[in-house]
Amino acid sequence: MLDIGLLVRVHVDALIVAQNYMGVCDAIRRIAPARKLAAMSAPHLPKVAGIDPEVPVSTHTAAPLREVPAGPGAFIQDRLAGWVSDLTTLHELTERLAGTTTLDAALNELLHAGAALVGARRGLLVLEPADHGTPSTTLGLGLSHADLGHLETVERGATALGRVLDGVPGTADGIASPDLLGDKDLDPRHREVATRLGYAAGYALPLASEAAGRLGGAAWLYDEPGEPSEKQRHLVGLYARYAAEHLARLIELERARADVATVAEELLPSRLPRIPGVQLAARHRTGPRGGGDWYDALPLPEHTLGLAVGSVGGSGPSAMAAMGRLRASLRAYAVMEGEDPVAVLSDLELLLRLTEPARTATALFAYCEPAARKVVLAGAGHTPPLVLGERRCEFVETTLSAPLGMLACWEAPSVEFSPAPGETVLLYTDGLLRRTGDPMDRAFARLHSAAASVPKAGRHDPAAVADHVLRTMLPDGLDRADSAEDVVILAAHFD
């Protein structure tokens with residue numbers, strides 16, 4: 001949406017022009033009768049060939065008639081049409097910017113729109129918040145990473161963009177450099193870079209909001225000497241002020257998401273244990289609001305291992321806190337009764353029902369004996385593990401069971417299986433399936449196909465298996481999409 005103040009100012013300007021236009025029209029109407037009377041009393045002019053029908057046209061080529069200058073009304077109409085066109089363009093550009101939901105998309109849109117408003121082909125934008133917080137980045141338009149690297153070698157104070165970023169007095173309304181190569185005082189390194197990259201002029205503009213202060217700056221580069229017109233500067237200035245407010249909101253959102261991701265990671269294991277006979281790898285993707293998916297791997301007595309994955313219903317800080325409590329409780333029960341996964345989940349269900357009766361959760365706990373290649377597991381409404389090896393790729397058949405907190409008393413029989421040497425057991429949460437956007441049966445088939453397509457060279461590396469499955473299931477950045485679903489993959493490869 002456009003800035004309200006901008007709309008008011010434009011509308012007031014339009015009303016003033018319209019009033020002036022009406023005044024001019026009234027004056028024309030008052031003058032017209034006098035002109036008509038003067039024409040009636042004036043002596044008759046001689047007849048002119050081609051205008052009076054009684055006078056024949058000469059056979060020679062006649063000189064063109066002089067154009068009658070347009071009246072003041074036509075001039076004002078042109079001015080009004082031009083302002084309306086500018087307002088429409090500005091409205092379209094700000095609407096497109098308002099439609100961006102990520103910081104990267106907004107920065108790209110700002111850089112392209114600014115280039116269109118000032119008539120430039122190339123440019124760069126530096127995001128550098130005044131509070132020195134994250135995120136900070138440099139983005140180029142029509143400039144490669146090598147070009148941006150060359151620009152960074154120029155002393156900061158020697159460029160208009162650098163002075164804008166430093167908040168040098170007199171730069172609030174932008175700095176135009178109409179003829180860089182013709183400037184005798186130009187920094188030698190800046191002259192060298194400008195010649196190498198082929199730009200001869202530039203225009204730099206600060207990006208600042210009332211609430212967040214200075215956010216950064218943008219500069220657009222011209223191939224030939226020149227500078228934006230006064231109207232172009234006015235339009236890009238209005239656009240930049242609106243863009244800065246939009247960027248400030250996205251920066252706060254980006255920081256909040258980063259904080260959520262940090263808290264979520266801190267609630268999960270900082271490192272995976274090393275147990276003889278098994279290798280572990282985990283992948284975790286947190287949604288923008290923070291979710292309740294988690295995993296754990298803890299060493300147990302006699303070189304045994306407990307593996308767990310789970311998901312707490314809901315999202316946000318409360319779900320993350322519940323996830324932390326649930327994981328900590330499961331670790332305690334696993335140490336006491338790890339050999340019996342059913343008992344571990346039964347105790348966890350009782351705790352959840354007594355302490356958080358409005359909360360539901362799914363969980364899967366597996367007790368592993370790597371030396372004997374034996375795995376005993378129990379699940380509570382959770383997705384079944386998948387076993388991948390040289391000769392098989394199949395889901396483990398688990399018994400149907402309700403999530404924790406759904407029944408007055410939870411209990412389900414455990415399942416035992418033996419992974420062969422070189423096989424990998426893949427534990428995961430349903431977020432991996434839901435983020436695909438497919439129905440669950442198709443998502444399961446997609447997961448099976450992704451696991452089966454792991455290259456043979458990488459099947460002995462659980463990290464490579466997890467990465468391949470993640471990329472195949474969630475291509476094109478879906479693993480980083482703004483989805484409410486968390487993703488957890490825990491891979492255990494048995495030697």
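In strand β8, Gly-306 is the bridge partner of Leu-298. This pair belongs to the contact between β7 and strand β8 (residues 304-315), which are joined in the antiparallel sense over nine bridges. The structure described here is a predicted model, and the secondary structure of its protein chain comes to twelve helices and 15 strands.

The strands β7 and β8 are part of an open sheet of five strands, arranged in the order β7-β8-β9-β10-β13 with antiparallel pairing. Its edge strands are β7 (291-300) and β13 (415-417), each of which pairs on one side only, and the twist from one strand to the next averages 15 degrees. Further along this sheet, β9 and β10 pair in the antiparallel sense over seven bridges, and within this pairing Lys-374 in β10 is the bridge partner of Glu-369. The two strands form a hairpin with four residues between them, and in the turn Arg-373 has a positive phi of about 50 degrees. Strand β10 is in turn joined to β13 by three bridges, the two strands running antiparallel, and here the bridge partner of Val-376 is Glu-416 in β13. Strand β10 is also mostly covered, with six of its seven residues buried.

Helix α8 (residues 317-337) lies across β7, β8 and β9 (361-369), and it runs at about 20 degrees to β7. Helix α9 (residues 341-355) packs on the sheet as well, touching β9 and β10 (374-380), and its direction makes about 25 degrees with that of β10.

A further open sheet of five strands has the order β6-β15-β14-β11-β12, and its pairing is antiparallel. The edge strands in this case are β6 (278-285) and β12 (393-395), each pairing on one side only, while neighbouring strands are turned by 15 degrees against each other on average, direction ignored. Within the sheet, β14 and strand β15 (residues 487-494) pair in the antiparallel sense over five bridges, and the bridge partner of Thr-424 is His-493 in β15. Helix α12 (residues 462-473) packs on this sheet, where it touches β6, β11 (386-388), β14 and β15, and its direction makes about 30 degrees with that of β6.

Apart from the sheets, a contact between two helices can be described. Two packed helices are described by the angle between their axes and the distance between the axes. The axes of helix α3 (residues 103-118) and helix α7 (residues 230-266) come within 10 Å and cross at roughly 175 degrees. Angles over 145 degrees count as roughly antiparallel, and α3 and α7 are therefore roughly antiparallel to each other. On the side of α3, the residues that take part include Leu-103, Leu-107, Leu-110 and Leu-117, and those that they and their neighbours meet in α7 include Leu-235, Tyr-239, Leu-247 and Ile-251. Taken together, the residues of the contact of α3 with α7 divide into 14 nonpolar, three polar and two charged.

Thr-137 lies in strand β2 (residues 137-141). Thr-137 and Leu-107 are 30 residues apart in sequence, and their C-alpha atoms are 9.8 Å apart in space. Thr-137 counts as partly exposed because its relative accessibility is 34%, a value that falls between the limits of 20% for buried and 50% for exposed. Ser-177, by contrast, counts as buried, because its relative accessibility is 14%. Ser-177 is found in strand β3 (residues 175-177), and beyond four places in sequence it touches Ala-160, Ala-200, Ala-201, Gly-202 and Gly-226.

For the chain as a whole, 43% of the 495 residues count as buried. Among contacts between residues at least 6 apart in sequence, 68% join residues at least 24 apart.

The average pLDDT is 83, and 83% of the residues score at least 70. Confidence is highest in strand β14 (residues 424-428), at a mean of 97, and lowest in helix α1 (residues 4-41), at a mean of 42. The pLDDT stays under 50 over residues 1-12, for which the model has 14 contacts beyond four places in sequence, and also over residues 14-68, for which the model has 20 such contacts.

Technical notes: Residues are numbered from 1 along each chain as its sequence is written. This is a predicted model: local features need pLDDT of at least 70, side-chain atom pairs count only at pLDDT 80 or more; totals for chains, interfaces and linings use all residues. Side-chain values use heavy atoms; hydrogens and water are left out. Buried means under 20% relative accessible area, exposed over 50%, partly exposed in between (1.4 Å probe, protein chains only). Contact means heavy atoms within 4.5 Å. pLDDT is the predictor's confidence in each residue, from 0 to 100. Two strands pair if DSSP finds at least two bridges between them. Axes are lines fitted to C-alpha atoms, for helices over the stretch in contact, and angles run from 0 to 180 degrees between N-to-C directions. Angles under 35 degrees count as roughly parallel, over 145 as roughly antiparallel, 65 to 115 as roughly perpendicular and the rest as oblique. Ala, Val, Leu, Ile, Met, Phe, Trp, Tyr, Cys and Pro count as nonpolar, Asp, Glu, Lys and Arg as charged, and the others, Gly among them, as polar.
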